[in-house]
Every structure is written in C-alpha cells, then in structure tokens.
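Please read the following note alongside the sequence and the structure. The points are numbered so that each may be checked in turn.

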Amino acid sequence: MKFKRKYLAIPYAIFLSLFVIIPIGLIIFYAFTDASGHLSFDAAKNFFSNKGNWDVLLVSLFIALEATALCLLIGFPIAYFLANKKYNKNAVLVMLFIMPMWINFVLRTTATRDILFAIGINGGNYPYLATLIGMVYNYLPFVILPLYTTMLKLDKSQIEACADLGANPTQVFFKSILPQSLPGIISAITMTFVPVMSSYVISDALSEGNIALVGNFIYLNFANNQWNNGSFMAFVLLILVAISMFATKGEKEENRGGLW
Amino acid sequence: MLKNKLAFFGALLLGAASCAGCSSSSKDKIIIRVLNSADYIYEASEEGVFCSACNEYLDEDEYTTEVNEDGEVSYLCKKHADDEEAEVYYDCDMMEQFVRYMDKQYEEEGLKFDYVYDTFDTPETCYNEMMTGKSNYDIINVSDYMIQKMITNGLLQPLFDESEHDQDIKQNLKDNLSDYLWGEETSIYNNIYPKKLDYKDDDKDPYERTKGTLADYAVPYMWGTVGVMYNPAFKGYQQFTLEELQEKFSSWEVLYEESIKGSFSIKDSVRDVYAVSILHVYHDEIEELKKDYDFENPEDLQAFNQELTVIFNRCDERTLELVSADMNKLKDNAFGFEVDSGKTDMVSGEKIGANLAWSGDATWAIYEAQTENDAEIYFSLPEEGSNIFTDSWAIPEVSDQHKYALDFIDFMCEEEQAISNMDYVGYTSSTSTEGVLEYVCDYYDVRVAMEDEELTDEELEAMSDPYDIRYFFEGSIDDAPEDPEAYCLDDAIIWSWKLDTEETTTELIDGKEQEVPYAVYARMLRSQFPEASQLHMLCMMDDYGKDNQAVIEMWQQVRTNPLPLWAIIVLAVQAAAVVAIVTYVIFDRKRFNKVKAKRIISKQK
C-alpha cells in the first residue's frame with residue numbers, strides 16, 4: 001500500500017467524529033426523545049412554553065451582542081495600530097495583549113471580581129455592567145488576534161490611492177480599510193459571539209448569579225437528570241450557531257484572517 | 001501496512017490510557033471501588049511515620065519500630081521517647097489505611113486488597129453515572145435525598161443480610177453511630193422511606209413502605225444543617241447592635257427584610273433555597289400546628305416533627321407557585337446567588353455580611369475569619385426550623401463485593417477514622433462514641449481548656465454556658481434535657497465557652513503562634529451541633545420524585561430576570577443604527593452607480 005497524502009487526515013477524522021459528530025448526534029437524539037428513548041417533542045414543548053427560557057435566551061443574546069460589539073469597538077483600533085510597524089516595531093505589543101490568555105480564565109475571572117468590587121462595580125448592583133466587563137476582558141484577545149492578522153495584510157497602496165483620489169480620512173476608512181478587514185471582523189465575531197452565549201462561569205462569578213445564560217440552564221438541566229430538556233436547549237444553541245455561520249458564509253475561506 | 005501501524009499505535013495509546021486508570025494491582029488482589037464527593041475523606045499530606053510532638057514526618061533514622069506478640073506495630077520517636085503525650089503513628093490516606101486494615105483482617109484467608117478511589121462534584125453526577133450503568137463501584141457516598149431516589153430506582157442493595165458477618169457489623173454500627181441518626185426506631189434514617197416510582201397527586205401516601213427505610217440501605221457519614229452565617233462587623237450592619245442582629249437572624253424573616261437588602265448571598269442550589277422558602281410560605285400554618293402540641297412532652301415533639309416534615313416536603317402545583325413567588329422576593333432582596341464563593345466571601349468580610357450556609361462551611365468560616373481577619377462570624381439556625389441533611393455510604397446494586405463493601409462502611413464509622421475524617425473535612429461525623437465526644441470536648445469544653453489552671457468548679461461554671469448535645473451522643477429527639485443543672489461531660493452536656501468570653505489561647509497557625517479568643521469555639525460549637533431545643537424543627541427534605549422537573553422549571557424561572565427596559569432600549573437603538581447604516585450603504589452604492597453610469601455615457605459621447 002502506498003502512502004497517500006489523505007492519510008494525514010485520519011487523526012483529525014477520528015477526532016472529528018469522536019468529539020464533534022457523535023456528540024452532536026447524541027444531542028439531537030436526546031433533544032427529540034423522552035426519558036424512555038421514544039420519539040417525543042416534550043422537550044421542545046417544555047422549552048417553548050416556559051417563559052424563563054425565552055428570558056434567558058434574550059438575555060444571552062443581549063450579552064453576546066453587546067460583548068461582541070464592545071470587543072470590536074475596542075479591538076479594531078488596537079489591531080490597526082498593532083499592525084502598523086511604526087508603533088509596533090517587533091510585535092512585543094501583540095504579545096502584551098495576548099498575555100492574559102496565558103492565565104487560566106477562572107483565575108482571571110476571580111481576580112476581575114475582586115477588582116470590580118474594589119472600584120464599586122459589583123455584580124449585586126450592576127450585574128450587566130460587571131458581566132460585560134468580564135466578557136470583554138476575556139474575549140478581547142480573540143478579537144484582536146484575527147483582526148491583527150488581517151490588518152497585517154492590508155493593501156497599503158489601495159489606501160493611498162483612495163486618499164490620492166480625494167477621499168477624506170472617514171471615507172478612506174469606510175471605503176477601503178473596513179472592507180479590506182471584513183474577513184477578520186467576521187472571524188472575530190464568530191470567535192466571540194457564540195462562546196459568550198454559552199459561557200456561564202464568567203457571568204456566574206461576576207453577576208453574583210444574577211444573570212443566567214443559556215449555558216447555566218443547560219448545565220442545570222443536565223445536573224438534574226433532565227437530559228432531554230438540556231439537550232433541546234443545546235440544540236437551540238446549535239441552531240443559533242448555524243444561523244450565525246450561514247450569515248457569515250459569504251466570505252471565501254482563504255480570505256479569512258485569523259490564526260484558527 | 002500503514003493502516004496496521006496506525007492500528008498498533010492506537011492500541012498502544014489506548015492501552016497506556018487504560019493502564020493509567022488502574023492502580024498497581026495484580027490479579028489476586030481484591031479491588032474495592034469507592035466513589036465519593038471530592039475532598040470528603042482524610043488524605044494525608046505525606047505517607048510515613050508522624051510524630052505529634054515534632055509535628056512533622058520522621059526520617060527513617062529518627063524512629064524505632066517495635067512489633068509486639070500480636071503482630072501490632074508501634075513506633076517510637078527518638079527525640080520524644082520519654083514524652084508520654086507524643087503520639088507516633090504511621091500516617092497515610094484513609095483508603096490506604098483501609099487496605100492495610102483489610103489485609104490484616106483477612107490474613108488467614110490469604111486475601112489481599114487494593115482500592116480504586118474516584119470523586120464526583122454533585123450527587124446528581126453520581127446518579128447520572130449510576131443510571132447510565134457504566135459505573136461498577138462497590139461503595140458510594142451521596143446525600144440523603146439521592147439515596148432515597150436511588151432506592152426508588154432500584155440502584156442500591158440492602159446493606160444487611162442474615163449472615164453472621166452482616167449482623168455483627170449491623171450491631172457494631174448501632175454501637176458506633178448516633179441513635180439520633182441511625183439504628184433506633186426513632187432515628188431519622190429509620191423514618192424515611194423511598195418514594196413510589198409513579199405516585200399520583202391525590203395519593204395520600206407517596207412512599208413505598210414495603211421496601212424498607214433509608215436505614216436499610218445507607219449509613220450516615222457526615223451531617224449538618226442549613227442556616228445563616230452573619231458578620232456583625234460588616235459595614236452595612238453598623239447601625240445594628242450585636243443583640244439586634246442576633247435577634248434578627250434568629251428568624252428566616254430577616255432575609256426578606258428591606259434593612260439588609262443586598263447584603264447577603266444565597267446558595268445557587270434549589271434544595272437549600274426551597275427549605276427557606278417553604279418554611280416562610282407556610283409559616284402561619286406551622287404556627288397553627290404548633291398550638292396542637294405540648295412541647296414538654298417528648299412524644300409530642302416527635303409527632304410534631306413528623307407533621308412538620310410533611311409540610312416541609314410539599315411540592316404540589318399550588319405550593320410551587322407560592323414558593324416561586326417567595327423565592328423571587330428572596331432573590332430581589334439578596335445580593336446574589338453563589339456556588340462556592342459564599343464562605344470565602346464571608347471570611348474576607350467585605351463583600352457580603354450574611355450567607356445562607358451549610359453548618360460545616362460555617363464552622364470552617366468562623367474559624368478562618370477569626371484567625372485570618374480577626375472577624376467574628378456567627379451562625380444561626382433560625383427558630384422556624386430548617387433542613388437537616390446527611391451524606392451516607394451505600395452499596396450500589398451492581399456491586400458483587402457486598403461483604404467487603406460493608407467492611408468498608410464499618411471501618412469508616414469506627415471512632416478513629418471518624419475523628420480523622422471529621423478533623424480533615426470539617427463536618428460533623430455521625431459516629432457518636434466516647435472518643436468522638438472527647439474529641440469534640442477537646443475543642444469546645446471549658447474544663448478541658450482550663451485543665452492546667454486548677455480552677456474550682458464554681459469558677460469554671462461561671463465561665464461557661466451549658467450546651468446540651470445529649471441527643472446526639474446518647475439518643476434521639478425525645479432525650480430532651482431533664483435537669484439542665486446536672487450537666488457533666490459523661491452526659492454529653494458540654495461546658496461551652498460563653499459567646500462573649502474574653503479568654504484567649506495561643507495556637508500555632510501556619511507555623512506562627514497566634515492569639516485566638518475562646519469565643520470562636522463557642523460560636524463553632526453552635527454551628528456544628530444544633531441546639532437540643534431546636535431538634536423538633538429540623539426536617540429532612542425528600543427527593544422531589546416525579547415533581548423534579550416541575551421544581552427545576554420553577555427554579556429556572558427564579559434564576560432568570562426578563563431583560564431590563566434599558567437593555568431593550570439599547571438593543572432597539574442599536575438595531576435602528578444598523579438599519580440606518582445599511583440603508584445609507586445601499587443608497588450610497590446606488591448613487592455611485594448612477595454617477596458611474598453618467599460618466600460612462602459622457603465618455604461614450
């Protein structure tokens with residue numbers, strides 16, 4: 001037998017089926033069966049008839065949207081300057097921004113909680129603000145990195161041409177820089193939006209349990225043997241992920257910035 | 001060829017993984033598998049010979065070993081050979097101790113033992129593992145309600161059969177364990193039945209009484225209560241005197257009061273909050289009920305407790321509605337829900353002033369806060385009653401090593417093991433032998449603390465408050481104190497320090513000598529053992545049974561808030577902005593196209 005290049009994909013194929021395809025299959029199986037394993041839509045009915053579920057979904061969407069928007073607002077300029085050799089001669093600055101990721105995020109969150117307490121923004125009084133600060137802090141590197149790599153590849157001559165042809169700085173930004181960095185923005189959004197929606201450790205710790213996200217409820221259901229209900233919630237989350245994937249499908253794969 | 005190689009490599013990996021999971025066991029060893037909560041059993045910091053006088057593990061040349069005629073090994077520290085108080089012993093993990101014990105116990109049969117020890121985070125995880133049928137543990141340790149649920153679902157085997165071995169152990173357990181919890185007709189365990197698998201709402205009796213009681217399936221390990229701990233020095237409580245706070249926190253009502261709004265956290269666990277809410281919701285009914293009973297009469301106490309337990313365990317639709325509304329009030333008044341941060345927040349003292357807490361955590365926090373921050377934390381078990389919970393050892397149905405599993409349970413309930421587990425874990429052991437009482441007294445009794453001072457009985461009495469824990473060390477709820485004056489150690493009435501005592505002692509904490517007020521032990525004792533006069537108000541909370549899903553759904557609703565108005569406005573503004581930008585882009589592009597078209601036309605001209 002001759003070695004073929006496609007054999008190199010075997011380890012990943014095994015990984016993919018073990019940790020992605022089979023689990024998703026299980027989620028779907030449990031989402032549409034009842035405790036005895038028969039086909040049933042009880043979990044769906046339970047999900048949609050409970051007002052708490054709608055609330056939690058809306059709250060999660062809100063937190064995820066705001067966190068993503070804030071991350072982009074903060075991360076975009078940072079990435080732009082980092083990609084500029086004038087300010088960032090040897091990429092040390094990039095490392096500084098990525099460094100928080102070297103520390104376990106639970107530890108970071110515990111520390112964030114103490115700092116927020118010290119400055120008076122505690123989860124008891126400002127649950128949304130505290131949670132958003134924590135989310136932005138934790139996911140900012142995931143926004144900066146893909147944006148940074150896209151920005152490195154910005155076509156400088158196009159920007160210059162734009163300015164030469166009489167565009168003012170605002171126009172240059174909107175007509176040239178922004179469209180060029182779109183791939184980075186899209187991968188930044190997928191890197192933050194979905195994880196924020198399903199994360200619950202950060203919101204638990206920083207909002208003092210006053211904000212529950214979808215992740216909390218999935219855990220709560222599984223922890224209390226409500227596998228079918230929990231699976232259906234996970235399934236809803238999966239649908240949301242799929243929608244966000246389709247929404248960003250327009251970009252060709254090779255144009256994507258990002259390390260992942 | 002490569003495929004084969006890959007397969008071989010994979011097999012190698014799998015083999016390595018499965019070997020990492022097993023301890024160094026040879027075929028002829030009997031393996032006992034134990035599944036326990038994390039950090040819930042004594043673990044030695046090192047394995048070796050330990051000398052209490054040196055307060056460290058000894059090197060090989062620092063001790064001598066002696067073996068007496070019975071084959072028992074004893075050690076002698078060379079430095080403290082003459083010191084009678086120095087205890088020198090071989091220190092190792094509790095599981096290791098068990099294996100050594102079993103090896104010796106079954107020496108004649110030539111049996112050798114080994115163990116597998118795993119932990120889980122919540123009883124539900126353990127249940128899931130048992131339900132999926134993949135676990136093959138011989139012993140598990142879960143909470144009372146989970147035992148109940150497991151019996152209902154046929155996951156446990158009865159502990160004792162008619163064999164001599166089993167009956168011996170049953171007797172031994174009866175001797176070792178507190179009658180309050182286990183073994184007597186009036187014991188808590190002997191009065192809890194598993195629920196029926198599918199009972200109807202209008203069923204008078206939801207219990208399956210033919211299957212036996214909890215006591216037939218499980219043996220208590222540790223126990224505690226749910227109460228509130230509070231810190232009078234908290235900045236939000238400055239306007240209250242200590243007496244006012246003590247008065248306030250003697251009732252669950254305090255958690256609904258505007259005056260402490262936002263200063264306390266509650267547990268992110270439905271069962272604990274349910275206990276508070278249900279007693280609050282049915283407060284009036286319980287007060288009514290109290291009138292029918294004569295609390296001087298022990299039998300009435302018992303009967304009242306049973307009635308209260310019935311109310312405490314309601315979870316019908318109407319109750320859930322009431323409880324849900326009540327929990328929402330509680331939530332709005334609370335600072336937040338905590339998973340595990342409550343006790344550490346109490347110790348640090350700045351974030352919260354009070355916390356819905358388990359007694360064992362409170363005992364730990366009281367000591368930590370005192371020694372670390374010089375802060376005084378009090379624990380209160382409100383007078384409306386509360387939840388008493390236990391964790392118990394049980395043998396899963398799938399285990400085929402019943403005999404040795406029972407040996408394990410017996411071993412864990414022995415005095416020596418109970419003490420070292422209690423010392424390590426910080427909860428209250430269910431073993432109530434004299435040695436355990438002495439251990440408790442070592443901590444809490446004025447007479448023991450003042451042994452060297454040669455004080456008269458009158459002087460000692462003046463320093464102390466009698467604290468009656470005879471119910472635990474002697475018997476059941478009907479052992480109410482008859483003559484509180486005649487207290488003595490033998491009768492398990494502890495001469496506790498007064499809560500406001502100013503006496504102090506010196507303790508070695510983290511290698512440094514530190515002054516510790518004795519008052520801290522007075523407060524710890526009150527959290528570790530509920531007062532005898534409150535026993536009839538303590539109930540065990542059943543598994544929710546078929547109502548589990550309804551309760552979880554109710555809890556979900558409590559745990560969420562609808563999106564606040566400002567957030568909706570923010571969302572709307574953002575949505576408007578996005579729409580505006582998109583429209584602008586479209587118009588812009590159209591205009592651009594128009595200009596472009598014009599230019600092309602003009603060029604063509």
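1. Confidence of the model. The structure is a predicted model, with scores of ipTM 0.84 and pTM 0.86. For chain B the mean pLDDT is 87, and 93% of the residues of this chain reach 70 or more. Two stretches call for caution. In residues 1-25 of chain B the pLDDT is below 50, and this stretch has nine contacts in the model beyond near neighbours in sequence. In residues 476-489 of chain B the pLDDT is also below 50, with 34 contacts beyond near neighbours in sequence. Where pLDDT is low, the predicted coordinates should not be read in detail.

2. The contact between the chains. How many residues of chain A are in contact with chain B? There are 28 such residues in chain A, and they meet 29 residues of chain B. Two elements, helix 3 (51-83) and helix 11 (214-223) of chain A, each give two or more residues to the side of chain A that touches chain B. Helix 3 of chain A provides the largest share of this side, namely seven residues. Sorted by class, the side of chain A that touches chain B consists of 14 nonpolar, ten polar and four charged residues.

3. Overall form of chain B. Chain B contains 21 helices and 20 strands. The C-alpha trace of chain B spans about 120 × 80 × 60 Å along its principal axes. Of the 605 residues in chain B, 40% are buried. Among the contacts in chain B that link residues at least 6 apart in sequence, 73% join residues at least 24 apart.

4. Parallel pairing around strand 1 of chain B. Strand 1 (residues 29-37) of chain B runs parallel to strand 7 (residues 112-120) of chain B, and nine bridges join the two. One position can be located by its partner: B:Leu35 has B:Asp118, in strand 7 of chain B, as its bridge partner. Strand 1 of chain B is also joined to strand 8 (residues 139-143) of chain B, by two bridges and again in parallel. Here the bridge partner of B:Val34 is B:Ile139, in strand 8 of chain B. As background, in a regular strand the side chains alternate between the two faces of the sheet.

5. An antiparallel sheet in chain B. Three strands of chain B form an open sheet in the order 3-2-6, with antiparallel pairing. Why is one side of strand 3 and of strand 6 of chain B left without a neighbour in the sheet? Strand 3 (56-57) and strand 6 (88-91) of chain B stand at the edges, and each has a single partner strand, so one side of each lacks a neighbour in the sheet. Strand 2 (residues 48-51) of chain B pairs with strand 6 of chain B over four bridges in the antiparallel sense. B:Phe50 stands opposite B:Tyr89, which belongs to strand 6 of chain B.

6. Helix 9 and helix 11 of chain A. Helix 9 (residues 182-198) of chain A has 17 residues and reaches 25 Å from its first C-alpha to its last, close to the expected 24 Å. Since 13 of the 17 residues of helix 9 of chain A are buried, this helix is largely enclosed by the rest of the structure. Helix 11 of chain A is likewise largely enclosed, because seven of its ten residues are buried. Among them are A:Phe217, A:Ile218 and A:Leu220. The buried residues of helix 11 of chain A pack against helix 3, helix 9, helix 10 (201-206) and helix 12 of chain A, and also against helix 20 (548-559) of chain B.

7. A:Asn225 follows helix 11 of chain A and lies in the loop between helix 11 and helix 12 (227-247) of chain A. Although A:Asn225 is not a glycine, its phi is positive, about 65°. A:Asn225 counts as partly exposed because it has 18 C-beta neighbours inside 10 Å. B:Asp510, in the loop between strand 18 (504-509) and strand 19 (512-517) of chain B, also has a positive phi, near 50°, without being a glycine. Is B:Asp510 buried or exposed? B:Asp510 counts as exposed, because it has 7 C-beta neighbours inside 10 Å.

Conventions:
Residues are numbered from 1 along each chain as its sequence is written. Chains are lettered from A and ligands numbered from 1 in the order in which they are written. Two residues are in contact if their C-beta atoms, placed from the backbone, lie within 7 Å. Ala, Val, Leu, Ile, Met, Phe, Trp, Tyr, Cys and Pro count as nonpolar, Asp, Glu, Lys and Arg as charged, and the others, Gly among them, as polar. A residue is buried if 20 or more other C-beta atoms lie within 10 Å of its own, exposed if 12 or fewer, and partly exposed in between; C-beta atoms are placed from the backbone. Two strands pair if DSSP finds at least two bridges between them. The expected span of a helix is 1.5 Å times one less than its number of residues. pLDDT is the predictor's confidence in each residue, from 0 to 100.
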